[in-house]
Amino acid sequence: MNKRIIAGVILMVLIGLIVYTLMFPVDMAALDGYESKFYSTPIALMPPIIAILLALITKEVYSSLFLGIVSGALLYSNFNLELALNTMFFNEDGGMLYKIADTFNAGILVFLVMLGILVALMNRAGGSAAFGAWASKRIKTRIGAQVATVVLGMLIFVDDYFNCLTVGSVMRPVTDTHKVSRAKLAYIIDATAAPVCIIAPISSWAAAVTSSVPEDADINGFQAFIKTIPYNYYAILTIIMMFFVIFRRLDYGAMKTHELNAYKGDLFTTGSAGKGIDPQDPVSEKGIVLDLILPVAVLIFACIMGMVYTGGFFDGVDFVTAFADADASVGLVFGGIIAVIFTFFYYMLRDVISFGEFMECVSEGFKSMVPPILILTFAWTLSGMTNLLGAKFWVAAKVAKSAASMQSMLPAVIFLVALGLAFSTGTSWGTFGILIPIVMGVFPSGEMMYISISACLAGAVCGDHCSPISDTTIMASAGAECNHINHVSTQLPYALTCAGVSCVTYIAAGFIKNAPICLAVGVVLMITTLFVIENIVGREPEDTGAETAKE
């Protein structure tokens, strides 16, 4: 469509909204008890759907998210332009300024900046280059590079944000050397973030699940979380699928295009996201492997200590309880600040960078994190608009209404509902925070309670994986320095494959109610499905990583 026509249509719509606002003004001073006529209706899901569809069609995430926010504000304000603008920016429950000012969100943004500074420092000091050279001598193949990334991702199970950004910054030099596409790196990072955290007892996700269990429940929240682990099919099957596609060299959908291009030397296919390492930036020739490993180790240790500190560990609370009660945002900020300060003194004593270069890295690190910060801000605001419209309550009411009539099928239904809700809102934690109390109301005890809670957690993680507006998906793109839409489009077929197998497995679990048997059924179905896909699309060329590393 001609851009003049598009501009004309937008102008006419804007004029129409202005006229409508003047004809039907809203008393801004008397908004107590205000409710949109679209509140808790199917239309409440329109803003995220608009944003997601536009992002997938246009391949441009910023404008898509912004238009989703605008549509949500207009629906909330019943198309009054003045109220819509106030809602977008100043509404205490969903406006952009309040989302940025939220202490948890602000902490995540500060941690992003700290990590960007740390990565810039490691690059400038030569630590990343030294680690890449060291790893390339020991990791000889593309398969080895991918497996090493998976192992590191599984070891960093404390928090998904921390996982995404740390694994990406450490493993990018290795996967680049062996010509692994940035889209594949982003997939591996994403698949070892939330799926690992949701089955790790000591993680910020375990704490979130624990807090979602009602206090008057018959079982402790942490005990309930432990019981759900064997039934969390999406998380377990995602890990199995990841190893299968790596070792069998199986890629399909858009990912196959990216990987075949990477074989030829094009790691991005349609462009990258993030600054990365600028060849013009001076890199110290004194860099050694320890210049990367030591700052990362300090970061990991400091983040863990920061989290348990916020949970009262140093006041006598036991470690597990402290982790369950931790404030992940505050803990990560503490860890990030400590790691940057340590790295400053360590590099100064090593004489690998000057004070001036350190200060340059501060601004470079901040600039490198502007894209994920912008996307996160828009995603949080879009989620706020969706919540103002009561979308989650409409979904919850539908689930509660149908639950009693389909007891054995409920796990599969809960999985699909959680998937859709997380996909639409971009939040896993919000999804299981809504659905877990409903599930426990239907099944207050017994094996079906654990199966259904696990289905809720699995669906939330799956929807999180599929959604372009999910913060974890955004973090994975940032960690891999991969174009965000490339990451979403390449990961989607993999996530949907695993989702289909998981859904079938939950149907079986609703009738069998036996963890080992159901898990075995799911694993067999997953491997069989992947072999069928392999027979259809074929495998990629033999691994030539050793030769690639020499070129």
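## Cysteines, a buried aspartate and ring pairs

Cys466 is buried, with a relative accessible area of 2%. Buried means under 20% relative accessible area, exposed means over 50%, and partly exposed lies in between (1.4 Å probe, protein chains only). This is a predicted model, in which local features need pLDDT of at least 70, side-chain atom pairs count only at pLDDT 80 or more, and totals for chains, interfaces and linings use all residues. Residues are numbered from 1 along each chain as its sequence is written, and side-chain values use heavy atoms, with hydrogens and water left out.

**Cysteines.** How many disulfides does a search of the whole structure find? The search finds zero. A disulfide is a pair of cysteine sulfur atoms within 2.5 Å.

**A buried aspartate.** Asp464 sits in helix α24 (residues 447-466). Helices (H or I, at least four residues) are DSSP runs, numbered from the N terminus. Asp464 is buried yet has no salt bridge. A salt bridge needs a side-chain nitrogen of Lys or Arg within 4 Å of a carboxyl oxygen of Asp or Glu. The nearest side chain of opposite charge, Lys99, is 14 Å away. Lys and Arg count as positive, Asp and Glu as negative; His and the chain ends are not counted. Which side chain joins that of Asp464 in a polar contact of 3.1 Å? The partner is Ser428. A polar contact is a pair of N or O atoms within 3.5 Å; within protein, one must be able to donate a hydrogen and the other to accept it, and residues adjacent in sequence count only if both atoms are side-chain atoms.

**Ring pairs.** A search of the whole structure finds 19 aromatic pairs. Rings of Phe, Tyr and Trp (its six-membered ring) pair if their centres lie within 6.5 Å; planes under 30 degrees apart are stacked, over 60 edge-to-face, and the rest tilted. Phe244 and Phe531 are edge-to-face, at 5.1 Å centre to centre and 90° between the planes. Phe244 lies in helix α14 and Phe531 in helix α27, so the pair ties together parts 287 residues apart in sequence. Phe244 counts as buried, at 11% relative accessibility. Phe531 counts as partly exposed, at 35%. Tyr252 and Tyr494 are stacked: 4.8 Å centre to centre, 15° between the planes.

Terms used: Helix = DSSP H or I, 4+ residues; strand = E, 2+ residues; numbered from the N terminus.
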